[in-house]
Amino acid sequence: MDMFKGISFITTELEQEKTMISLRETEIRTVVVGTGAAGYHAAVRLHRYGEKDLAILAEHVTAGTSRNTGSDKQTYYKLSLAGEERDCVRGLAEDLFRGQCVDGDLALCEAALSTRCFYHLVELGVPFPDNEYGEYVGYKTDHDRGRRATSVGPYTSKFMTECLEREALSRGIPVLDHMQMVKLLVRENQVRGVLCLDTENTTCCDFLLIWCENVVLATGGPAGMYRDSVYPASQLGSSGIAFEAGVLGKNLTEWQFGIASLRPRWNVSGTYMQALPRLISTDRQGGEEREFLLEYYEDTVQMQYMTFLKGYQWPFDVEKIFGGSSVIDLLVYQETVLRGRRVFLDFMHNPGEETVDFDRLPAQARDYLRSAGACFGTPIERLECMNEPAVQFYREHGVDLGKEMLEIAVCVQHNNGGLSTDANWQTNIRGIFAVGEVCGSHGVTRPGGSALNAGQVGALRAAEYIARTGNASGKEADGQEATAIQEERTRELGREAAKAHIRMLLPGDTEWEWEEKQRVEELWEKAAKRMSRAGGMVRNEEDLRQALSEVKADLRHFGRDLFISSPAQAARFYHLYDMLISQQVYLTAMLDYVLQGGGSRGSALYTCPDGEKPGEGLPDLFRCRPDKGALGGMIQEIGLWRQKGAVNSFTCQTNWRKVRPIPNPDTFFETQWKAYRERWNYL
């Protein structure tokens, strides 16, 4: 195949399975896993810095979150670059750090490199809007004290990905498509290889073992864990593979949840809510229509104002449930989860079937709608006036907001936690880097759009580090160059680990027999429902314990009685294995947070029977104890270990440490000029 042009292979036979399973081997020094905006940027930077022994792995080039997700105007967050607003690197770093549980060195890197990465995207062709004098104007986003946000519309990350992809292809960087990473091979705390499944081969299970020195994980968040999700169906994540390899997790309790449409999966933030649509609930068949917000808000103007604020304050935030806009998320949750009804946005009629009295709206909403020229008509007319591309998006996906209602729910949207890294975006395993959402650089809260910037910055930092240091290939031990015998021994152990992982597909030690069972999909659906129930927006200790017990049982039985019915199901099999490991680690982290006395914070409400209820019209389930910030200066890290002598039985261990503070580096020019020359060997 053309994608393997220039790459040589050797083939390893797998004893009696050789007719049904093949294992090939090759060597590629640096492997980037993922073809989103972060993955392509890492590859482009590596190539620019001279790394030519390089390839990108992708399950499917056009899959993933970067290329398939967005919102009304998907935001990119960076240093202010227009107007009279005063901004500085330190100020931006402090705002990122203020989100709690954030390492200061990562915050400083994301702030300092935000403009460099932004202008790189501009030069590659991403059409961020500037004015006639070249200023890149901005707007205010959630958790933002300035106007640092910018956008190219609903498809910002898609534009980014496509521009970076063109650059990568123009450089001739090979992309190994339809290659699913199923295992990371690690020895002596150094990555040694990546085991992949060729998902294009439908006649047998064809595996590729890539011996490598560096792996840049740009695999996105573990979205496959949840059923109620706004992530594209193609986004599953590979965090479980990293945990199994020994990579530490960080801040795994911190997810963002928000109101999103179900078909298509899309965030209904920003102008979707600022257009003031009606919120309607029905029974499962679409009957018994009710405008349920009117049952909670006695004042229609207050209801309209909270709906408007939901656009600015889109992610569910426990700080905004006591009289704030996040009450709307709770009311939607009550209708959909607790009452089993369906909820819709209605853009055809005004809230309460009345003409909106814009003069009575609070100044923030009134002034915004006036400035946008949208103080008139119906919600669909206002939305078309303010943001026609947001309407067009749904038309392109078969939904005419002017003629039909849009079904919504509270869905998981982004993982603020992830894999733990240092300021070079390298994990605790040498040679494994995590960039993009898979990296846990964010804390409890983050400014909207900061994830896109963080992915670009992390990719740049990882590429620079690999190019600058070579990242010790592991061929040195105790200061001495490893012998050829030691290296071959390492590879033999790696092959055995790869073969053991491949044999998980087999029904015990018997010969290969295709079993006509659909257990993979059944267990997947059960596990996804479990995670949305226990680890979603509303959590409690009892549900977390029960869910954790269930996922451990699923893993223990996974290798013995879960078979696949065709080679095509092998990919789903390994994704399910990854998902279950991720669930065990994430649920353990959430339970540990509760046991540490953590309260409701960010986008997670931890129920408490003797806690405070957000409103009298809400059920006792929502009683909670808001977090007082006691753990805001701490970071929870968690590791996974396989129990000796047990099949697919794992144990997790958590550790709490203080956040790394924002550094105060020397800014004297001559000193830093000398350090720069030495760092890059530039004399």
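**Exercise A. Glu388 and its partner**

Task: Classify Glu388 by its relative accessibility, then identify the residue with which it forms a salt bridge.

Solution: Glu388 has a relative accessibility of 37% and therefore counts as partly exposed. The classes are buried (under 20% relative accessible area), exposed (over 50%) and partly exposed (in between), for a 1.4 Å probe and protein chains only. The model is predicted: local features need pLDDT of at least 70, side-chain atom pairs count only at pLDDT 80 or more, and totals for chains, interfaces and linings use all residues. Residues are numbered from 1 along each chain as its sequence is written, and side-chain values use heavy atoms, leaving out hydrogens and water.

The partner of Glu388 is Arg395, with the closest N and O atoms 3.5 Å apart. A salt bridge here is a side-chain nitrogen of Lys or Arg within 4 Å of a carboxyl oxygen of Asp or Glu. Arg395 is also partly exposed, at 34% relative accessible area.

**Exercise B. Further salt bridges**

Task: Describe the setting of the Arg290 salt bridge and of the Arg657 salt bridge.

Solution: In total, the structure holds 57 salt bridges. In one of them, Arg290 meets Glu295, and the closest N and O atoms are 2.7 Å apart. Arg290 is partly exposed at 22% relative accessible area, whereas Glu295, at 52%, is exposed.

In another, the side chains of Arg657 and Glu637 are joined at 3.3 Å, N to O. This pair links distant parts of the chain, since Arg657 belongs to strand β25 and Glu637 to strand β24, 20 residues apart. Arg657 and Glu637 are both buried. Through shared partners, salt bridges connect Glu637 and Arg657 with Asp103, Asp105, Lys250 and Arg660 in one network.

Solution: Helices (H or I, at least four residues) and strands (E, at least two) are DSSP runs numbered from the N terminus; two strands pair if DSSP finds at least two bridges between them.

Strand β24 (residues 634-642) is joined to β25 by 9 bridges in the antiparallel sense, and Leu640 faces Cys652 of β25.

**Exercise D. Strands in parallel pairing**

Task: Determine which strands pair with β11, and whether its faces are covered or open.

Solution: Strand β3 (residues 30-33) runs parallel to β11 and is joined to it by 4 bridges, with Thr30 opposite Asn214. Strand β19 (residues 432-434) is also parallel to β11, through 3 bridges, and Phe433 stands opposite Val216. Both faces of β11 (residues 214-217) are covered: Asn214 and Val216 are buried on one side, Val215 and Leu217 on the other.

A further parallel pair is β2 with β10 (residues 205-211), joined by 7 bridges; Arg24 stands opposite Leu208. Of the 7 residues of β2 (residues 21-27), 5 are buried, so this strand is largely enclosed by the rest of the structure.

**Exercise E. Helix α17**

Task: Compare the span of α17 with its expected value, and state how many of its residues are buried.

Solution: Helix α17 (residues 569-595) has 27 residues and spans 39 Å from first to last C-alpha, close to the expected 39 Å. The expected span is 1.5 Å times one less than the number of residues. Since 25 of the 27 residues are buried, α17 is largely enclosed by the rest of the structure. Just after α17, Gly597 adopts a positive phi of about 90 degrees.

**Exercise F. A buried histidine**

Task: Locate His178 and list its contacts.

Solution: His178 occupies the loop between β7 (175-176) and β8 (179-187). Its relative accessible area is 18%, so His178 is buried. Leaving aside residues up to four places away in sequence, His178 touches Ala58, Glu59, His60, Leu197, Asp198, Thr199 and Glu200, where contact means heavy atoms within 4.5 Å.
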